[in-house]
Amino acid sequence: MTVITLISSNKCFGGLQKIYSHKSKELDCEMKFAIFLPPASDGGCFPVLYWLSGLECNETNFIQKAGAQRYAADNGLIVVCPDTSPRGVSLPGEDDSWDFGSGAGFYVDASVDPWSKHYKMFSYVTQELIDVINTNFPTIPDKQSIAGHSMGGHGALICALKNPGMYKSVSAFAPICNPSKCPWGLKAFGGYFGESNKEEWKNWDATELVAGYNGPPLELYIDQGSEDTFLKDGQLLPHNLVDACKAAQLPCVLHMREGYNHSYYYVGSFIGDHIAYHARHLK
């Protein structure tokens, strides 16, 4: 059984917002995660929403900026927010840039050295973290969903598409939808999988994965601000994903939010809609 250590605890909307650390076997380093526990009026168990944050973020950004606890409390959901990458593993170059290495794990399992020893965020999020949460908190193990923002939106989409039936629902704010075709993804995938192994890149790209999805009914629920500079710069490519979903006959909803950008002001404006969406699927 994994030992978890409490770092902080704050009462919030009748529930508790906590942060824990633990030694990750998958990543071979100390990791942190935040967890919101809703008010337990009857001592029962709760569904879980996993939230994956974006580039440069850690386990605190979402819980401090999105205002999600109010909606999680109202809907009786546990919300779990892991860090976005391993930390302090002393790999050469891990802290050299903001969009690769520390804070930029891209929720993939790296396959080339030196990254393959520690950068296994996909396995951490979809296996080890779930085991830690289900073992230590009052969850309903077969009722979990996943969501994220930007790089974390990419992570949420691939976690759901590569694990049919694991999550009841998936949603994403401004996700990196087609990373094998955008500058952020080219840099990350080239580093984590190797420049010459581009066939493997497709296994970690939501736009490529939808064609091969074979599992229970799944809708991709996408939110995108119209004034997002990263949308305009070709980093996000949501319409590539929408077109791929149409071709694969996989349901996909794209909400374009007029005037909104990439920030947590935007996420906070619509997080209530997303939590209500997941609550409907989880309950």
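Serine 150 is buried, with a relative accessible area of 3%; buried means under 20% relative accessible area, exposed over 50% and partly exposed in between, for a 1.4 Å probe and protein chains only. Serine 150 lies in the loop between β6 (139-149) and α4. Helices (H or I, at least four residues) and strands (E, at least two) are DSSP runs, numbered from the N terminus. The phi of serine 150 is positive, about 60°, although the residue is not a glycine.

The model is predicted: local features need pLDDT of at least 70, side-chain atom pairs count only at pLDDT 80 or more, and totals for chains, interfaces and linings use all residues. Residues are numbered from 1 along each chain as its sequence is written, and side-chain values use heavy atoms, with hydrogens and water left out.

Serine 90 sits in the loop between β5 and α3. It counts as exposed, at 64% relative accessibility.

The loop between β5 (78-82) and α3 (121-136) also holds glycine 105. Glycine 105 is buried, with a relative accessible area of 1%. Leaving aside neighbours within four places in sequence, it is in contact (heavy atoms within 4.5 Å) with Thr84, Ser85, Tyr119, Met121, Met151 and Tyr192. Tyrosine 119 is 14 residues from glycine 105 along the chain, and their C-alpha atoms are separated by 6.4 Å. Proline 114 belongs to the loop between β5 and α3 as well. The peptide bond leading from aspartate 113 to proline 114 is cis, with omega near 0°.

Glycine 194 follows α5 and has a positive phi, near 100°.

Serine 169 occupies the loop between α4 and β7 (170-173). It is buried, with a relative accessible area of 2%. Its side chain makes a polar contact with the side chain of serine 145, at 2.7 Å. A polar contact is a pair of N or O atoms within 3.5 Å; within protein, one must be able to donate a hydrogen and the other to accept it, and residues adjacent in sequence count only if both atoms are side-chain atoms. Not counting residues up to four places away in sequence, serine 169 touches Gln144, Ser145, Ile146, Tyr277, His278 and His281.

The chain as a whole contains 10 helices and 9 strands. Along the principal axes, the C-alpha trace spans about 55 × 40 × 35 Å. Of the 283 residues, 58% count as buried. Among contacts with a separation of 6 or more, 72% come from residues 24 or more positions apart.
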